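Subject: Structure handover

Hello,

Here is the structure we talked about handing over. Please open it first, then read the notes below.

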Amino acid sequence: MPAVHTLLLEEALQDSPQTRSLLSVFEEDAGTLTDYTNQLLQSMQRVYGAQSEMGLATEQLSRQLLEYEKQNFALGKGDEEVISTLQQFAKTVGELNTLHSELASQMADRMIFPMIQFREKDLTEISTLREVFGIASDEHEAAMVKYSRLPKKKENEKVKAELVGEVAYSRRKQHQASMQYYCALNALQYRKRVAMLEPMLGYTQAQIHFYKKGMDLVSKKMDSFLVSVSSMTQSIQAQLDSEAEAMRLTQRELLSMEDTVYMPDRDPVPVNRTLIQKAGYLNIRNKTGLVTTAWDRLYFFTQGGNLMCQPRGAVAGGMVLDLDNSSVMAVECEDRRYCFQITSPSGKTSMILQAESKKEYEEWICTLNNISRQIYLTDNPEAVAIRLNQTAIQAVTPITSFERRGEGSPNPDRAKPGGVQSSSSASQKSSSAPEAPEDLIAPGTPIQFDIMLPASEFQDQNRVGGRRTNPFGETGDDCSPESDDSLLQQVFAVRFLGSMAVRSGQTQEVIYEAMRQVLAARAIHNIFRTTESHLMVTSSCLRLIDPRTQVTRISFQLQEVTQFAGHQENGRLMGFVVEGRDWSEGTEEGEPSFSAFVFESNTEGEKICYTISLGKDIIEAKKDPEALAQLMKNMPLTNDGKFLLLDSEMGDTANGGAPDEEESEA
């Protein structure tokens, strides 16, 4: 250890300039030591503060690890393995918190306290003694000044004695203060070394004690636990790497697709018409004023029989419209493409939506129509939708002959109820070769789906002059029951499916072909809404009556019905052909024209065919009174003897109103 410089106490009384110069060096050293001690103490206090914060932080960490089990994660609670592992870590962190708190306490006692004691005791003492020494020196100088002013001629022994005493007192006081000051400065040279080493010794010993306890904790209790946690994290990391690689491959594959995937109207996937669920973005038209509208892009999806809408950012969607028995149709809306309208059964609620592509447009219409028909309520809705779609595809597939249709029919020659054939004019099939479809119905013939306008009104729009043909076979004759002494009057609930002009009225095959084309057109154009009417069959005419207003929508003379037949597979379908006259060619009597009408009934269509056949039999029997009497003898009559008694078809429906519109099951 190097020698320590000291101030000589023997030179304190003389107080020579050399001593004063050496004293200034000691004072400068003491000042430097004071500044450094303050800075060192600040650093030590910062370490102590960090250690104290470390204890508080580890305590909070331990509590937070235990909170993991109580978290309500949106994707489900954490797995039990992670929970148990975190609980074990929380226990370990709690034990480490105890060690950190103990370390902080040792730092306070063995590092901070000695340094503060050195600053407050030793350095403060040096400062105080310096002030006392300065005061004593000033008093000694003042006494010496007074003593030096004693006069030489007139000496006053009393004054001289007082001044001598004062000089002696101040000099003694300065001597004592200087010696104490010198001793403190000399001792400081030793104390500063101890003051620098003792705190760091305590700090180091506290850290060593902390690490030893930590090693004991880890080595004895944590070795196996840390090994298992390390294995678990490595396994999770391996799964993450595998999943990341799979996601990279999927991303690369998705990005390698053609640009048409991103184009809204370039979807190469064909339209799926058998969907019973659909979801995607649509534009909905909203009214913003009396005459102004705005379009909003929202996410729509179907749920059961409801159309739902979910705005961006919403947690769940809300119901927009009940789709059961609603109608869906394409509409022209402003200058936008792919628009369609949904209307509630009551007609009071409607909305207009826009799809982003033609495929989406067609699939939305088909899906909503499938839901409107309540296919989703069946046991196997997907199979029903596929079957209906296949029926539509088969309907538009050309067939080579009606013999194949007959061969595929489960019972093509089944008899009508009561043993009467479905046609009175042709009870036997023609033995000639089957006719081609184009021989029965002209290709491109328009189909009328509403009874308000005749189907053949549109048969030849280029025809000018002459009288229009009447495809419904209507005449000006009144066939009301009040003016006709009819022996037959039967009412059936039917739904009109469509009518079209045909080339022939002498074979049942023309009715089958008309049914095929009407059903195919309805399936292709997504027309599923039908209007229910009452079909009254009498011995003189057929009348189609509005069930609410009882107004006759259309009527036909029974003699003009040339053919009638039920569908060979779907027993609820029936149709008939009506003969009319076309005067557009300029002939005097007019050329014969034929129109086929297709209906769906609530019961077997063959019952309607049987009733029409019976009406034709009555017309023929009226020509021979004996035959009429025999017919009336064989058939039961009503109590009043006015009408032939048949099985009740309508029940309560004939006496009350029925729904205006229903879904066709054809």
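**Helix 4 and what follows**

Just after helix 4, glutamine 374 takes a positive phi of about 60°. This is a predicted model: local features need pLDDT of at least 70, side-chain atom pairs count only at pLDDT 80 or more, and totals for chains, interfaces and linings use all residues. Residues are numbered from 1 along each chain as its sequence is written, and side-chain values use heavy atoms, with hydrogens and water left out.

Helix 4 covers residues 358-372. Helices here are DSSP runs of H or I with at least four residues, strands are runs of E with at least two, and both are numbered from the N terminus. The expected span of a helix is 1.5 Å times one less than its number of residues. For the 15 residues of helix 4 that gives 21 Å, and the end C-alpha atoms are 21 Å apart, so the two agree. Helix 4 is mostly covered, with 14 of its 15 residues buried. Buried means under 20% relative accessible area, exposed means over 50%, and partly exposed lies in between (1.4 Å probe, protein chains only).

**Strand 8 and its partners**

Strand 8 spans residues 489-502 and is mostly covered: 13 of its 14 residues are buried. Two strands pair if DSSP finds at least two bridges between them. Strand 8 pairs with strand 9 (residues 529-538) over seven bridges, in the antiparallel sense. Phenylalanine 492 has leucine 535 in strand 9 as its bridge partner. Strand 8 also pairs with strand 14 (residues 591-601), again antiparallel, over eight bridges. There, phenylalanine 496 is bridged to phenylalanine 599 of strand 14.

**Strands 12 and 13**

Strand 12 (residues 561-566) is mostly covered too: six of its six residues are buried. A hairpin of six residues joins strand 12 to strand 13. The two strands run antiparallel, with five bridges between strand 12 and strand 13 (residues 573-582). Glutamine 563 has valine 577 in strand 13 as its bridge partner.

Aspartate 582 is also in strand 13. Is aspartate 582 buried or exposed? Aspartate 582 counts as buried because its relative accessibility is 10%. Its C-alpha atom is 6.0 Å from that of serine 593, eleven residues apart along the chain.

**Contact across the sequence**

Glutamate 27 sits in helix 1 (residues 17-66). Its relative accessible area is 18%, so glutamate 27 is buried. Glutamate 27 and leucine 185 are 158 residues apart in sequence, yet their C-alpha atoms are 7.8 Å apart in space.

**Surface patch**

Which residues form a nonpolar patch on the surface? They are Leu254, Leu255, Met257, Val261 and Tyr262, with about 510 Å² of accessible area together. Areas come from the Shrake-Rupley method with a 1.4 Å probe, and for residues only the protein chains shown count as cover. Patches take residues with over 30% relative accessible area and no salt bridge; like charges are joined within 9 Å, nonpolar side chains (Val, Leu, Ile, Met, Phe, Trp, Tyr) within 5 Å. A salt bridge is a side-chain nitrogen of Lys or Arg within 4 Å of a carboxyl oxygen of Asp or Glu.

Valine 261 lies in the loop between helix 3 (157-255) and strand 1 (279-287). Valine 261 has a relative accessible area of 47%, so it is partly exposed.

**Cysteines**

Cysteine 183 is partly exposed, at 38% relative accessible area. Cysteine 339 is buried, at 1%.

Best wishes
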